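This report describes aromatic pairing and selected side-chain contacts. The sequence and structure are shown first.

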Amino acid sequence: RRVRGSIRSPAITISTFLIFCLIAISNQLTIKVEPKSVDCFYEDLKSGSEIELDYAVIDGGLLDIEFIVKYNEVTTLSKMHEEGKTLGSYKSVASGDGTYAFCFSNLMARFTVKTVSFQLRVKEPTELATPDDLSPLEKALQDIESEVQLIIREQTYYKIREQVHRNTADSTNTRVKYWSLAESLLLLLMSLGQVFYLKHLF
């Protein structure tokens, strides 16, 4: 029993530690971008770092936003995003050491505030090892890492889609409620008008 425990315990500890590290590295934020403004987030990256950023407009206007990437204050990408029409995903490899800025521009809007949710994942370059150099435990940990990253990404995507659809449903319900109240008020006024009109005739 002691021998089995000493073999299995490190694997469980390493796997648990890896999962918590992946969750900590994966940063998801939700922000509100005011009209006629640009919000940027900065990250210091090393050359060769793999960058993955998923974003979505949850609420506001036509669910559109402009996505901008800057490297050392120089714009390298400018992309107009419309929720449901274009894919809110960005993948790239850092071309050099320096500060990278990921910006969301709402300059096109006059009055509408946009709610944007995004998740940034950065994988720093490491020395490559051949499969023969890895132990079975290390290979298993690599597989777990890939699966956990995929699960986190899928969960984030479905969470954002659920929130977008919920906002749409709430907006529709609110409009239906106000239209129903307006129709009821109009029918009441028409009924009162007809009563007074008939009394006026007789």
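## Aromatic pairs

Eight aromatic pairs are present in this predicted model, where rings of Phe, Tyr and Trp (its six-membered ring) pair if their centres lie within 6.5 Å, and planes under 30 degrees apart count as stacked, over 60 as edge-to-face and the rest as tilted. F41 and F118 form a tilted pair, because their ring centres are 5.1 Å apart and their planes meet at 55 degrees. F41 belongs to strand 2 (residues 38-45) and F118 to strand 8 (residues 114-123), so this pair ties together parts 77 residues apart in sequence. Strands (E, at least two residues) are DSSP runs, numbered from the N terminus.

F41 is partly exposed, at 28% relative accessible area, whereas F118 is buried, at 6%. Buried means under 20% relative accessible area, exposed over 50%, and partly exposed in between (1.4 Å probe, protein chains only). One aromatic cluster comprises F41, Y55, F67, Y90, F102, F104 and F118.

## Surroundings of S37

S37 is located in the loop between strand 1 (27-33) and strand 2. Leaving aside neighbours within four places in sequence, S37 is in contact (heavy atoms within 4.5 Å) with F104, S105, N106 and L107. A polar atom of the S37 side chain lies 2.4 Å from the backbone oxygen of E34.

## Basis of the values

Residues are numbered from 1 along each chain as its sequence is written, and side-chain values use heavy atoms, leaving out hydrogens and water. Because the model is predicted, local features need pLDDT of at least 70 and side-chain atom pairs count only at pLDDT 80 or more, while totals for chains, interfaces and linings use all residues.

Note on methods
Helices (H or I, at least four residues) and strands (E, at least two) are DSSP runs, numbered from the N terminus. A polar contact is a pair of N or O atoms within 3.5 Å; within protein, one must be able to donate a hydrogen and the other to accept it, and residues adjacent in sequence count only if both atoms are side-chain atoms.
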